[in-house]
Amino acid sequence: MYRMRALSFKNPRHAEKILLEMGVDPQGAKLMAPKTVHICIRLDDVPVHAAQILKQEMLSLGGDAAVARGTVIHSIKETPVILMGTYKQYRKLISKLKMQPFKLAELAHNIAALLEKYNKDLAPIKCGSFTLPIHERTVIMGILNITPDSFSDGGKYFDAASALEHAHQMVAEGADIIDVGAESTRPGHLPVDCQEELKRLTRVLDKLLQEIKVPVSVDTYKASTAEEVLKMGVHIINDVWGLKKDAAMAGVIAKYKVPVVIMHNQEGAEYNDLMADIIQWLRDSIAIAQEAGIEPQKIIIDPGIGFGKTLEHNLEVMDRLDEFKILGKPLLIGTSRKSIIGKTLNLPVEDRVEGTAATVALGIARGASIVRVHDVKEMVRVCKMMDAMVRR
């Protein structure tokens, strides 16, 4: 009796590797690999006449398209569409749509761009004289809060000596980046003005930038703060408001040609469609960055776990992290010790290391390139183990 099993391919490259290993002709493997991976693409607000063409074309190629009831008889004007097909079927669809009316030729271009981003190999990121090897392994960002009121370690590293000592310890444990924050962003935090933020930062950054042999990031949403710390030699800006809180921020970052982390954030937790809204929000921030002159390869995205989201929102975003691949940018997740863990496990901040490990592991499996953590030693081990399994 034949032995039988199901296979799961991550992408056409993975499929081609397996086909070659089983002895398939190289040219045949290249032709067949795009047939092995199925992907669904959602479109919104599609006029029904265009939706009907999309469905007919996908059916003719062996794929399919889901549309709302009423599309065929035109009892509605617009419909969401979920396209379902393999990479090979999408290639053929793109060719067909280029000859169609109703802006379907433009849609063909957008589908091609989406597939390219979704299947994109990420490049290393240059940070001054440093390089973040996100194409090779998960990058660890160690958290250094020099605040009196951060939710996890507020006050613990408020003085310069203890902050510097902790930074050295995190680097020794394997941190690739030290992320310095001088203003708490926890729910209900007290805002800090630029003068106080800079006062806290400068007394630590002077020595930190001289002594630490990894890139230093500063967590701020204020352009004036960013300008001053970048003059000092800071390598990355981590903006929890995604360049939208201070209109001058994108220009400052572009001026100094440094990478930026763009995080999703909002007041309240109301969404029309959770993932669609977050992705569009990030897409708008990416556009702001690129229009200001920030290099596309230096933009990192963060879905903002714990910011403007309920527990259920945070859990759903974590489960669907791979959907952010359509933006074509490295993904950073910051779940360390957060309420997603505390509320799920009913544990205090100091007892959330295992919960953090679970979120880090899932994040890497879903495509995260950078993890922002407090417990560096433990999370380095998690990352190394996950990388051995999923980045081979």
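User: In strand 13, which residue is the bridge partner of Leu332?

Analyst: You're looking at a predicted model, where local features need pLDDT of at least 70, side-chain atom pairs count only at pLDDT 80 or more, and totals for chains, interfaces and linings use all residues. Residues are numbered from 1 along each chain as its sequence is written, and side-chain values use heavy atoms, with hydrogens and water left out. Strands (E, at least two residues) and helices (H or I, at least four) are DSSP runs numbered from the N terminus. Strand 12 (residues 332-333) pairs in the parallel sense with strand 13 over two bridges (pairing takes at least two DSSP bridges between two strands), and in strand 13 the partner of Leu332 is Ile370.

User: And which residue in strand 13 is the bridge partner of Ile140?

Analyst: Now look at strand 6 (residues 139-145), which pairs with strand 13 in the parallel sense over four bridges. In strand 13, Ile333 has Val371 as its bridge partner. For Ile140, the partner in strand 13 is Val371.

User: Are the residues on both faces of strand 13 buried or exposed?

Analyst: In a regular strand, side chains alternate between the two faces of the sheet. Strand 13 (residues 370-373) has Ile370 and Arg372 on one side, with Val371 and Val373 on the other. Buried means under 20% relative accessible area, exposed means over 50%, and partly exposed is in between (1.4 Å probe, protein chains only). Both faces of strand 13 are covered, and these four residues are all buried.

User: Which are the edge strands of the open sheet?

Analyst: Eight strands make up this open sheet, with parallel pairing, in the order 11-10-9-8-7-6-13-12. An edge strand here pairs on one side only. That leaves you with strand 11 (299-302) and strand 12.

User: What angle does the direction of helix 14 make with that of strand 6?

Analyst: Helix 14 (residues 376-390) packs on the sheet and touches strand 6 and strand 13; contact means heavy atoms within 4.5 Å. Axes are lines fitted to C-alpha atoms, for helices over the stretch in contact, and angles between N-to-C directions run from 0 to 180 degrees. Elsewhere, helix 10 lies across strand 10 (260-263) and strand 11, at about 150° to strand 10. For helix 14 and strand 6, the angle is about 165°.

User: How many residues does the largest nonpolar core have?

Analyst: A nonpolar core is a set of buried Ala, Val, Leu, Ile, Met, Phe, Trp, Tyr and Cys residues joined through side-chain atoms within 4.5 Å. Among the residues with the most contacts inside the largest one are Leu83, Ile111 and Leu208, and helix 10 (residues 274-292) gives the largest share, eight residues. There's also a second, separate core of twelve residues, including Cys127 and Met141. The largest core has a residue count of 103.

User: Which elements do the buried residues of helix 8 pack against?

Analyst: Helix 8 (residues 223-232) has several buried residues, among them Ala223, Ala226 and Leu230. Just after this helix, Gly233 takes a positive phi of about 115°. The buried residues of helix 8 pack against helix 7 (194-211), strand 8 (216-219), strand 9 (236-239) and helix 9 (249-256).

User: What is the phi of Arg337, a residue that is not a glycine?

Analyst: Arg337 sits in the loop between strand 12 and helix 12 (339-345) and is buried, with a relative accessible area of 17%. Compare Asn346, in the loop between helix 12 and helix 13 (353-365), which is exposed at 69% and has a positive phi near 55°. Arg337's phi is positive too, at about 60°.

User: How far from the ring centre of Trp241 is Lys245?

Analyst: A charge sits over a ring if NZ of Lys or CZ of Arg is within 6 Å of the ring centre and within 35 degrees of the ring normal. Lys222 lies over the face of Tyr221 at 4.3 Å from the ring centre. Lys245 lies over the face of Trp241, and its distance from the ring centre is 4.3 Å.
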